[in-house]
Amino acid sequence: MTWNLKEDRPIYVQIVETLRMRIVSGVYPPGSRIPSVRELAAEAGVNPNTMQRALADLERMELISTQRTTGKTVTEDESRILSLKESIAEEETKIYFVKMGELGFDHRQIADFVKKAADGENNEIGGYTLMGGE
Amino acid sequence: MSALIECRNLTKCYQNGVPAVLDMNLTIESGHIYGLLGPNGSGKTTLIKMINGLLIPTAGEVLIEGNKPGVESRKIISYLPERTYLDAQNKVSDMIAFFEDFYEDFKPDRAWEMLENLGINREARLKTLSKGTREKIQLILVMSREAKLFILDEPIAGVDPAARDYIIRTIITNYNPEASVMICTHLISDIENILDDVIFLKQGKVVLKAQVDEIREKAGKTVDQYFREVFAC
C-alpha cells in the first residue's frame, strides 16, 4: 500500500483510497492513532492541504475521528470497517467483471474462471503461487 | 486568506517592444503552493523578477502585502533565481554565515541539517562541487528562511531524482502553513502532487488559474498531460 499517485484522477481521491485500504487491512488498527497531516503529506509527497482534504473525507465517512489530545484515530466500530471492506470487495469484483466482459466472457464463464482459481487449478499466475492454493 | 501579492494590469516591455508580461492581473494568497507554468518565453521569469524588484514594470504595479517591491518585501520573500549567484571561491560554511548575517529570518540549524542529509561537506569550496550540488546548496539556503513567500525558479532541474524527492519533501515539511511557495518549472509531473494551484502563462498573460484536483476532475488528465495539450506545438 505505497502511494501511487500518478494517475489522472484527483489526488485526494487516490489518497482516500490508499488510507481506506490501510484501515481495512489493519495497517492502522481500530482505535489506533494515525500519523499527523504533515507526516502523511511528507510520506506521500503531496501538499498538506490535499492530505487534509482527504482526511476530512475519511472523517465524514466516520472512519477516523479527531481527538483533542491524541490527534486523529481510527474508528473502534469494527462493523463499520467490515462493511467498508465488503464495499471495496464489491467494487473490485465489478472491475473484474467489466474487464472479463471486455475479453468477451459472459457471467457464467467468468464464474467458472473464479471457481477454477479458487479450486487451485490455476493457482500459478504470472509465476507466483497464489495464497491459499495447494 | 489575505492577498500576499497583487498584480494589477502589470506589463513589462523589453527594448524590442514585444511585451513579456501584458496587462496581468493576478493574486497570490497565503498558505498555498503554486506552480507557475508556461512554455519558454511566456513571461514566468519576467513576472518573478518584477515581484522581486529586479525589473521595473513598464505599466501597472505589483504589490507585496500592499507595498511596492523594496526592503520590506525582501524581508518576506525568499527567492531562488534561475542562475546561482554564490561566489565559487567560498566554502559552504561561509555561505551559511553570509545568509545568517544578511537575513534576520535565516535558520542556520535547518540549513546544516539539510546539508548533512544530502551528504554535502560543509568545508568544501563551491568551485570544487558539481553543478547539481551547488544548486542543492542554493536551494537549502533559500528554504532555510522563515519567509512568507518562497519563489523558486527552476529549483529541481539540475538535481538528481533521489535528491529531487528529498527537496520536494523538504518544501512540504519545512514551510510554515501560513507561508506560500511559488514554483516555476518545466518538470510538472515531478511537482504536481505538491501543488494546490497552477497558473498557466501564455504570451505574457494568465490563461488559467485553477486547483490541481479541479483540473484532474474536469479534464480527466494530470496537469502535465493537460499542459501538453494546451501548449501543443
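User: How many residue pairs are in polar contact between chain B and chain A?

Analyst: This is a predicted model: local features need pLDDT of at least 70, side-chain atom pairs count only at pLDDT 80 or more, and totals for chains, interfaces and linings use all residues. Residues are numbered from 1 along each chain as its sequence is written, chains are lettered from A and ligands numbered from 1 in the order in which they are written, and side-chain values use heavy atoms, with hydrogens and water left out. A polar contact is a pair of N or O atoms within 3.5 Å; within protein, one must be able to donate a hydrogen and the other to accept it, and residues adjacent in sequence count only if both atoms are side-chain atoms. With both residues at pLDDT 80 or more, the count between chain B and chain A is eight residue pairs.

User: Which elements give two or more residues to the side of chain B that touches chain A?

Analyst: Helices (H or I, at least four residues) and strands (E, at least two) are DSSP runs, numbered from the N terminus. On the side of chain B that touches chain A, the elements giving two or more residues are helix 6 (161-174) and helix 8 (212-219) of chain B.

User: What is the area buried between chain B and chain A?

Analyst: Contact means heavy atoms within 4.5 Å. On that rule, 23 residues of chain B are in contact with 19 residues of chain A. Buried area is the accessible area (1.4 Å probe) that two parts lose on being put together, summed over both. Carbon and sulfur atoms give 44% of the area between chain B and chain A, which is about 1600 Å².

User: Which residues in chain B lose the most area to chain A?

Analyst: Three residues together account for 37% of what the chain B side buries. They are B:Asn193, B:Asp213 and B:Arg216.

User: Which side chain meets B:Asp213 in a salt bridge?

Analyst: A salt bridge is a side-chain nitrogen of Lys or Arg within 4 Å of a carboxyl oxygen of Asp or Glu. The rule finds one across the interface of chain B and chain A. At 3.8 Å, N to O, the partner of B:Asp213 is A:Arg53.

User: How far apart are the C-alpha centres of domain 1 of chain A and domain 2 of chain A?

Analyst: Domain bounds come from an automatic or database domain assignment. For chain A it gives domain 1 (11-76) and domain 2 (79-123). Their C-alpha centres lie 28 Å apart.

User: Which residue forms a salt bridge with A:Arg20?

Analyst: Between domain 1 of chain A and domain 2 of chain A the count is two salt bridges. In one of them the closest N and O atoms are 3.6 Å apart, and the partner of A:Arg20 is A:Glu91.

User: Which helix gives the largest share of the side of domain 1 of chain A that touches domain 2 of chain A?

Analyst: By class, that side divides into seven nonpolar, one polar and two charged residues (Ala, Val, Leu, Ile, Met, Phe, Trp, Tyr, Cys and Pro count as nonpolar, Asp, Glu, Lys and Arg as charged, and the others, Gly among them, as polar). The largest share, four residues, comes from helix 1 (residues 11-24) of chain A.

User: What do the buried residues of helix 2 of chain A pack against?

Analyst: Buried means under 20% relative accessible area, exposed over 50%, partly exposed in between (1.4 Å probe, protein chains only). In helix 2 of chain A, A:Val37, A:Leu40, A:Ala41, A:Ala42 and A:Ala44 are buried. They pack against helix 1 and helix 3 (48-60) of chain A, together with helix 6 of chain B.

User: Is A:Lys72 buried or exposed?

Analyst: A:Lys72 lies in strand 2 (residues 71-74) of chain A. Its side chain makes a polar contact with the side chain of A:Thr66 at 3.1 Å. Beyond four places in sequence, A:Lys72 touches residues including A:Arg33, A:Leu55 and A:Glu59. Because its relative accessible area is 16%, A:Lys72 counts as buried.

User: Where does A:Pro30 lie?

Analyst: At 38% relative accessibility, A:Pro30 is partly exposed. Its C-alpha atom is 8.3 Å from that of A:Ile81, 51 residues apart along the chain. A:Pro30 lies in the loop between helix 1 and helix 2 (37-44) of chain A.
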